[in-house]
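Open the model in your viewer and keep the selection tool ready. We will go stop by stop.

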Amino acid sequence: MENGINWEEVDKAKNEDELRGMKLWLFQENIRLQNERSELEDMQDKLLQERVRFRDEMDAINRRMSMEQKRLREENLFFEKKLAILQDGFRKLDEDRQRFEQERRRLEQSGRYQKQRENVELLGQGDNIAHMLFRSAGNPLTLRKRYRDLLKIFHPDNFCGDAELMQYINREFQRRKEE
């Protein structure tokens, strides 16, 4: 039996009606096969279209992912730079604090501490200290930076904060800002 056709039955067909019936069946079978073939070709076309669309989507996703990775690297570099700037600022503040402590000890030891203490009492407690903290801030930009750095260190909410000293620092900052 080839393609569902029994050729022996075709040969044995006794009359034309049987032969016509077989021809009709053969025609219908041929139409069915053509329909299935076209459906199969349509499915192949759809599969190819889906494959192309999938590749396009994957390419777009890969481009977005590489852009996000690049953005993340740039943000990390930016963060590292900001961190380095902050660490440098804290280092400078620590150096200033150490210099201030050394100068205070030197004044205490040399006996001039009493004169300085009288000046502090005349200016108000802490004003001289605030004056010394802003001593190296010569222009408005360094003045603001020094003020922000001092805020970070001496703000009352911090572990080492001092509300009274912060008032003196604020007063000195305002005075220097107006100059």
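A nonpolar core is a set of buried Ala, Val, Leu, Ile, Met, Phe, Trp, Tyr and Cys residues joined through side-chain atoms within 4.5 Å. Keep that in mind for the second stop. Note too that this is a predicted model.

**Whole chain.** Select the protein chain and colour by secondary structure. Along the sequence the pattern reads α-α-α-α-α-α. Of the 179 residues, 17% count as buried. Now show the surface. The chain exposes about 15,100 Å², and carbon and sulfur atoms supply 53% of that area.

**The core.** Which residues touch the most other members of the largest nonpolar core? Select Phe134, Tyr147, Leu150, Phe154 and Ile169: they do, in a core of 15 residues. Next, select helix 4 (127–133), helix 5 and helix 6 (163–178). Each supplies at least two residues of this core.

**Phe134.** Zoom in on Phe134. Leave out residues up to four places away in sequence, and Phe134 touches Leu143, Arg146, Tyr147, Leu150, Ile169, Glu172, Phe173 and Arg176.

**Helix 5 against helix 6.** Two packed helices are described by the angle between their axes and the distance between the axes. Show helix 5 and helix 6 together. Their axes lie 11 Å apart, at an angle of about 175°. Helix 5 is therefore roughly antiparallel to helix 6. On the helix 5 side, select Leu143, Arg144, Tyr147, Leu150, Leu151 and Phe154. They meet Leu165, Met166, Ile169, Asn170, Phe173, Arg176 and Lys177 of helix 6. By class, this contact has 9 nonpolar, 1 polar and 3 charged residues.

**Helix 5 against helix 2.** Helix 2 makes the contact with Leu86, Gly89, Phe90, Leu93, Asp96 and Arg97. Helix 5 brings Lys145, Arg146, Asp149, Leu150, Lys152, Ile153 and Phe154. Colour these by class: 6 are nonpolar, 1 is polar and 6 are charged.

**Last look.** Return to the whole chain. Take its contacts between residues at least 6 apart in sequence: 47% of them join residues at least 24 apart.

Definitions and conventions
Residues numbered from 1 in each chain as written. Predicted model: local features only at pLDDT ≥ 70, side-chain atom pairs only at ≥ 80, totals over all residues. Heavy atoms only, no water. Helix = DSSP H or I, 4+ residues; strand = E, 2+ residues; numbered from the N terminus. Buried < 20%, exposed > 50% of the residue type's maximum accessible area, 1.4 Å probe, protein only. Contact = heavy atoms within 4.5 Å. Areas by Shrake-Rupley, 256 points an atom, 1.4 Å probe, with all protein chains shown as cover. Nonpolar A, V, L, I, M, F, W, Y, C, P; charged D, E, K, R; others polar. Axes fitted to C-alpha atoms, helices over the stretch in contact; angles between N-to-C directions. Parallel < 35°, antiparallel > 145°, perpendicular 65-115°, else oblique.
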